[in-house]
Amino acid sequence: AWRAERGEFDAVETLLAKLSTPEARKALLEARRERARRQEDKPASLAALKELIHSFPDDVAFSDWASGLAQRDKDAALPLRDEMRKSVERWVGNPALGELGYDPGDLLYNQASFLDAVGSTEEAKALWSTVADAFAAQASLSPLATPRAANFGRGEALLKAGREDEAKALYEQLVDAYPEEFTFNYEYA
């Protein structure tokens with residue numbers, strides 16, 4: 001991971017080629033995807049993404065990968081609709097979710113984005129409301145008077161759910177608390 005972050009992809013390939021574990025295979029595919037992204041090689045990036053989805057359907061990152069695929073290739077993503085739903089349902093309630101770097105709102109966000117991308121806009125709109133509520137629950141756990149991180153996605157989810165008045169009130173609060181934060185000011189405007 002360290003070498004991939006530094007862009008040392010040949011070293012990553014050499015190191016991981018010696019290992020035959022699923023973790024090594026996943027890391028190799030993620031490194032190939034990142035290399036292709038940095039080199040703007042869209043076909044290689046898409047191929048690595050599809051291989052991750054195919055090889056690791058039970059991974060917590062599945063919803064992220066499937067959502068990414070839906071943004072790029074709707075036809076390839078459509079058959080993953082039921083798998084996406086099952087993955088999110090399975091992981092949202094998993095006590096280890098936070099240890100893996102995810103929150104329920106993240107997974108629900110991926111699912112709603114997937115539904116939007118494949119054209120299920122009404123279903124997505126209902127789910128965006130659930131996403132907003134999940135981010136609100138996450139924000140309520142913050143020691144900050146006006147939590148920052150959870151509210152990045154919450155405001156967007158409120159807007160996509162059609163809850164404009166709530167989004168406006170949230171952005172007013174966020175702009176007041178973080179006047180220099182471009183994202184909050186942009187979305188509020």
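**View 1. The crossing of helices α4 and α5.** In this predicted model, helices α4 and α5 cross in a left-handed manner. Helix α4 spans residues 42-55 and helix α5 spans residues 62-72, and their axes, which come within 10 Å, cross at roughly 140°. The two helices α4 and α5 are therefore oblique to each other, given that an angle has to be over 145 degrees to count as roughly antiparallel.

**View 2. The residues that meet between α4 and α5.** On the side of α4, the residues in contact are K42, S45, L46, L49, K50, L52 and I53, and these meet F62, W65, A66, G68, L69 and R72 of α5.

**View 3. P22 in helix α3.** The residue P22 belongs to helix α3, which covers residues 22-38. Because its relative accessibility is 52%, and the cut-off for exposed is over 50%, P22 counts as exposed. Between the C-alpha atoms of P22 and S45 there is a separation of 20 Å, with the two residues lying 23 residues apart along the chain.

View 4. Helix α10 runs over residues 149-160, and its buried residues are A150, N151, G153, G155, A157 and L158. Among the elements that cover these buried residues of α10 are α9 (121-140), α11 (164-177) and α12 (182-188). Just after α10 comes G162, a residue that adopts a positive phi of about 85°.

Definitions and conventions:
Residues are numbered from 1 along each chain as its sequence is written. This is a predicted model: local features need pLDDT of at least 70, side-chain atom pairs count only at pLDDT 80 or more; totals for chains, interfaces and linings use all residues. Side-chain values use heavy atoms; hydrogens and water are left out. Buried means under 20% relative accessible area, exposed over 50%, partly exposed in between (1.4 Å probe, protein chains only). Helices (H or I, at least four residues) and strands (E, at least two) are DSSP runs, numbered from the N terminus. Contact means heavy atoms within 4.5 Å. Axes are lines fitted to C-alpha atoms, for helices over the stretch in contact, and angles run from 0 to 180 degrees between N-to-C directions. Angles under 35 degrees count as roughly parallel, over 145 as roughly antiparallel, 65 to 115 as roughly perpendicular and the rest as oblique. A crossing is left-handed if the near helix is turned anticlockwise from the far one by less than a right angle, and right-handed if clockwise.
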